[in-house]
Each structure stands twice: as structure tokens, then as C-alpha cells.
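Please keep the structure in view while reading.

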Amino acid sequence: MASKGKQWFIRLDRELCKGCYLCESVCPLGLLSVSDRLNQKGYYPVHYKEQDKAVEEHQCKGCALCAIVCPEIAIEVYRV
Amino acid sequence: MSEKLLMRGTHAIAEAAVRSGCRFYFGYPITPQNELTEYMASALAGLEDGVFIQAESELAAINMVIGVSMTGKRVMTSSSSPGISLKQEGISYLAAQELPAVIINTMRGGPGLGNIAPSQGDYFQATRGGGHGDYRTIVLAPSSGQESADLTRMAFEYADHYRTPVLILGDGMIGQMMEPVVFPDPIDPGSLPPKPWVLDGAKGRSSRIIKSLILDPAAMEEHNWKLFRKYEMIERELPQAERFFTDDARLVAIAYGTASRIAKGAIKRVREMGLKVGLFRPKTLWPFPARELRELSSVVSDFLVFEMSTGQMLEDVKLALEGRRRTHFYGRPGGVISTPDEIAKVITNIYYRQGLETET
Amino acid sequence: MKRVFGRPKSMKDAAFHYCPGCGHSVIHRLIAEVIDELNIRDKVIGVPPAGCAVLAYDYFDVDMGEAPHGRGAAVATGIKRALPERIVFSYQGDGDIAAIGTAETIHAANRGECITVIFVNNGVYGMTGGQMAPTTIVGQVSTTTPGGRNTNRDGAPIDLSEMLAITNGSVYIERTAVNTPRNIVRTKRAIHKAFQVQMQGLGFSLVEILSACPTNWKRSPVQANEWIGSEMTKIFPLKVIKDTTAGDREALE
């Protein structure tokens, strides 16, 4: 669960993703995986596993390592 | 207007540049034009807004010119033949990016290291590009100290007006000769009209890009034709030439710069002997005054091209005359300076060999 | 709800053309973040290089003027001398800065031109297809060193930042990398400091950034970044190479 009172989640633009998987390699909670659906550019983009959950249930701690490392600025980090 | 000053050509150019509102100069020492660089060093040091850098090479200097020009300010560099070779990449970029700049070439013997005596061996380099790509450089050819000053002022005007680099082609003789010069009133750089395309920080407007890379061939072609149309406009508006004793001439010498001074001396001598000879002196080498020359050729049968080279402007003369007139050539490359007597002999030889004394 | 990480304002809304995992993309973003934080977007003028980042002007939303290959430091010198109040940065690759542009770079540093140079070191000529660069390390394979760089034929890699540190006019030179999140954060801090050095009029500043070129290194982005950490940093150690701003540290931090 998120720390008391605060909640974080990310938004990942799968069409910007070039499948470098740097984000997947740095996420400390393993919340990113490789999608099996191609994007328009022909890459298998990264998939944010929590994407379809309600915000309160996201495990994301907002460390933003994924966003920091993403070359495409495909990841935005939000805090509720 | 200033009072009449006795100045060497290189100094006249430098003083004219400063009076044209030029506050930026980058150069590298090379004989026979070091006096220009040195004059700019002290002139700009004496001005609060003056910037002089002795760059690490002529190559670095032309790139500093590019940088200043991008900000819209008047800027100049100078060198001599081998150093101008180093600047060709930068001149190509200036033309492609449509940036104004003034470049002074005080020609010396060449090719290679050559020598430091005056020559006219860089005509091709100046008028045929020198750098890569489809572009032209405006080339102005003074023949005296006064003209060096006048054409320097015009060079800055043309560069700004057409957004293109302008080259002044002098030689070691004009550069070193001391002659009387009168300068127009100085221009305050702050009074020059602002340019709407400059890079000066995107405050209150969207950001701008100055570049010459156009990867899409269709767009590149469009840019090439756009530059071409600009050059066509310059070809219509700019050609200038002096006609000296051409009204009744049967043989007309064609020469520019120092060669034209020698030719004038020769023509005065042969006129005293009754020969009807004149001089056509291009002041713009690009655009070459072809139309003016063709007009003259309707009443003149023989032309003598005299250059301090093995024959470069000769090709532009032949192109202009389209083979319809007899074109003779006399050249002294390597920094050898002919005397008026020598040229008078050449003129006389041709005149009588062609039977011009019997023409009515 | 608050967005705590997103596209910087000084970055145009354009997708990068760089390869997957390329360091240029990250470095561009860091520079844009610094420009945002220092609030200098309307004062910055950038000079892109020849190389993969030749199209940098498609991404930075600031005035930008293209320089011929290697001449960035000279063009930036011209711009800065004409407009001393503006913040001028030159963005150059290893070939641009340490092969063809060495003279212009050293002399700009020597004169103490108040410009900031971002030196992207990926040990290879990326755009032209992966040829040897001045910073290719011994044994590293490239298209012009198919058997690996050999000191007999090619000499050793060049320590340009260390060379520049000798010049009087250079004030702040740091080498960082963008191969890990921690290094990325350090890189941003270095860029921030370099810009501040310029804003304070202290002299020449340069940040050398070890950056991945997965395509030409023939490694995956994750492997490429690992290789920076395990091999490249042995030859190009990450450190502050020169910092004479000690007296002005309060002003800068």
C-alpha cells in the first residue's frame, strides 16, 4: 500500500515507447513489464501493470526512477 | 564627411568598416593584410561595444562571424588567399543560412603558400563559390584607397539587404598603397533597422532556428531555387563597371583592381600616340557586368583582358561576349607587377596586328 | 492530483528521432529541465552539432543556430560576444568536440568564453554508422576498428576534459554519465551548475556526459548502460575535473 495519505501512479504513453526497457530494469517494485501488443512504431512497449486498477490500489511509490530513465519522456508521474 | 585622410588601403577598409557600424571583427595574422587586423584591434578596443578576437585560425574566425551574424549585428573578417581557402566552409554556411557578413581578401601569389606579392589568382575562388554547394558570393573589386572605403560601406549594405556574404577582393598593392580617402559620416550600429529573423533569446515570441540542413530533397530543392532567385535579383540590380575612354575606342582593355590602375596608365600613354583604346573596369566581379560589357561590344571589335593571373576573369569575359568579339589576353601571375609601359606595348602590338588603326 | 514528473516546458512536443535507449534523449530532457528551473527560456541560445543531435532544434524550444561540424565553440563564442547577457550553450558529440573541433574548443576554453559546452561522449560516431571516435576505448570494436581500437594504429582515447582543465579560462568541468538514475540526477546537477557558472559570468564551463549508443555498440539499452558503468568509467572516471568556483559556492548552490 502507499504511505499514509499519499498515493502515486504513472501514466505511460505506449505509442512513445521504443522498447528500451530501461524503466523496467529500474523499477524497485517490478510494476513494469513488456507488453505483447506492438505499438504503431513496431516496438513491444512497456506495460504498467497497475494501469487498470483503481488509484487507491496502486503500489507505485512515486520514486520516478522509471520516468527519470525513460529517454522518450513517455512516463509521467502523478501524486494524489 | 570626414576630412581627406592619407591612408593605406587596408586601413581604409578597416576604418570604413567601423564607420559602417561594424563592431565585431575576428581575424588571424597573414601577410599582406596584417595592418587591417591590427587597425581593427585598436579601433574596436577604443569602442565600448567593440569586440576584437585574434582567433586561433581563419577557420575559427569565420565561425565566430557566423555566430555574431546570427544575432543580427554587422561583422567582418579578413585574410589573404590561403586563409580565405580556410574560410570556404564557413562562407558556404553563411550563404546557405542567409546570413550577412563581410569578408576581405587581400590577394597574394598562389596557389599553395605562394608568396606575399600582389596577385589576382583568387578570382575563381571568389566568383565560382570556393565553398561547396549551389551558392554565389557578391564580390566587389576596389582599385584605389577611396574605392576600398566606399565598397566596404556598400558591402555591409548589400550583405544586410540581401542577407548574404559579401567578399571584397583586393590585392597586396591596393592594401599597402597610401592614398587620400574621404569617409562618409559614421553609422551608429544602434540606429540600424532591427532584423526580424535573428537569434537573441525567444522573449515574447516563439523560438527561431537558423540552419542549413534540409533533409527532404523536395524542400532542399525549394531552398536552392529560392537562393537562386535571390542571386538572379542581385544580378539584375547590382552589376557595376567603370568605362574609361571607351566612347571612341577600337580596343578596350578589361581589368580590375591593381591591374586596372596599370592599364589606365598604359591607356593614357597610347592615347598620346593616337591609339583609340579604352578600359572597361568591372567593380562587381560577381555579378559580373556582362550586360554592360555586351553593350560596349556592339561598337568595339577587340578586347584585351589583363589580369595578374593566368586568366580567370577571362572566362567571364568570354561568356559575356559569347564568342562574338576578338578576346586577347595578357597575364602576369606570381606577384609580378607590370609597368604601364609594358602594357602599353602589349596594347600597341595587338592594335596594329589587328589593323585597328585603319578602322573608321 | 499533481503531476510531479513530466515533459519540461522548454522541450517541444515532438517525439525524439533518437534510437531506443539513446543517451541524447535523456540529456536533452535534463537541459530543458534546467532551463525551466532557472527560468531562462527566453535568454537561452543553443548551438547544435553535426551528428545525431543535429536536429536538436526540433526538440529544444529556444533559439538555436546550427554550426558547421566541430565549430560549435567558435559559433557560440560569436553569439555570446554579441549578446553577453544571453545564456549560450554548445551541444557537441565526441567527434565534434575532440576531433574536428579540438582547436575551437580548446581556444574557447583558453579565452575563458562564458559559454557552456555539453559534451556527449558515446565513444563512437553515431550518425555516420559507428566509426571510431577520439574517445573509443582500446579494444572497442567499431566499423573502422573492426579488430578493436589499437594504440599502435589509432593512439589511445583522448582525455579532452582533462586537457581543457589545464586552460586558464576554464572554470568548471565535470564528467558524469546518464547510465543509471543516480547518475542522471548527478548529470542534471552538473548541467545546472554549469549554466549558473555562465550566468555568474565566471568563465568557461563544460559537462562531459558518458552516454549510451546501443545501436552502434550493438548492445541492448540495458546492456549498453551496464557497459558504461563497467568499462567506460574505467577510462573516463566520473568526477569533477575542475572547479575554481569554490569561493562562489554559496552563490551557486
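## Chain C and chain A

Between chain C and chain A the count is one salt bridge. The model is a predicted one. R3(C) and E76(A) meet through their side chains in a salt bridge, with an N to O distance of 2.7 Å.

The contact between these chains draws on 26 residues from chain C and 25 residues from chain A. Together the two chains bury about 2100 Å², and 68% of that area is on carbon and sulfur atoms. On the chain C side, M1(C), F5(C) and P181(C) lose the most area to chain A, and together they give 27% of what that side buries.

## Chain C and chain B

Two pairs of chains touch, and the pair with the most contacts is B and C. Here 33 residues of chain C are in contact with 33 residues of chain B. The buried area is about 2600 Å², with 59% of it from carbon and sulfur atoms. Four salt bridges are found across this interface. R71(C) forms a salt bridge with E89(B), and the closest N and O atoms of the pair are 3.3 Å apart.

What is the distance between the nearest C-alpha atoms of chain A and chain B? They are 21 Å apart, and these two chains do not touch.

## A helix pair across the interface

Two packed helices are described by the angle between their axes and the distance between the axes. Helix α3 (58–70) of chain B and helix α2 (residues 72–82) of chain C have axes that come within 7 Å and cross at roughly 45°. α3(B) and α2(C) are therefore oblique to each other. The crossing in which α3(B) passes α2(C) is right-handed.

On the α3(B) side the contact is made by A60(B), N63(B), M64(B), I66(B), G67(B), V68(B) and M70(B). On the α2(C) side it is made by A74(C), V75(C), T77(C), G78(C), I79(C) and A82(C). By class, the residues of this contact are nine nonpolar, four polar and no charged.

## Helix pairs within a chain

In chain C, helix α1 (residues 23–38) and helix α7 (residues 181–199) have axes that come within 9 Å and cross at roughly 50°. That angle makes α1(C) oblique to α7(C). The crossing is right-handed. Residues of α1(C) in the contact include V26(C), L30(C) and V34(C), and those of α7(C) include I184(C), I191(C) and F195(C). The contact of α1(C) with α7(C) has 10 nonpolar, three polar and four charged residues.

In chain B, helix α10 (residues 257–272) packs against helix α13 (residues 340–353) at an angle of about 60°, and the axes are 8 Å apart. α10(B) and α13(B) are therefore oblique to each other. Their crossing is right-handed. Among the residues that make the contact are I262(B), A266(B) and V270(B) of α10(B), and I343(B), A344(B) and I347(B) of α13(B). This contact of α10(B) with α13(B) divides into nine nonpolar, two polar and two charged residues.

## Salt bridges in the whole structure

How many salt bridges does a search of the whole structure find over all chains? The search finds 40. One of the salt bridges is formed by the side chains of E157(B) and R74(B), at 3.9 Å from N to O. This pair links distant parts of the chain, as the residues are 83 apart. E157(B) is in helix α7 (residues 145–162) of chain B, whereas R74(B) is in the loop between α3 (58–70) and β4 (75–79) of chain B.

## Backbone exceptions

Most residues other than glycine have a negative phi, and most peptide bonds are trans. In chain B, the peptide bond from T31(B) to P32(B) is cis, with omega near 10°. P32(B) lies in the loop between β2 (24–27) and α2 (34–45) of that chain. Another cis peptide bond joins W286(B) and P287(B), where omega is about 0°. P287(B) lies in the loop between β13 (284–286) and α11 (290–297) of chain B.

In chain A, I73(A) is a residue other than glycine with a positive phi, near 50°. I73(A) lies in the loop between α2 (65–69) and β4 (75–79) of chain A.

Terms used:
Residues numbered from 1 in each chain as written. Chains lettered and ligands numbered in written order. Predicted model: local features only at pLDDT ≥ 70, side-chain atom pairs only at ≥ 80, totals over all residues. Heavy atoms only, no water. Axes fitted to C-alpha atoms, helices over the stretch in contact; angles between N-to-C directions. Helix = DSSP H or I, 4+ residues; strand = E, 2+ residues; numbered from the N terminus. Parallel < 35°, antiparallel > 145°, perpendicular 65-115°, else oblique. Left-handed = near helix turned anticlockwise from the far one by under 90°. Contact = heavy atoms within 4.5 Å. Nonpolar A, V, L, I, M, F, W, Y, C, P; charged D, E, K, R; others polar. Buried area = accessible area lost by both parts, 1.4 Å probe.
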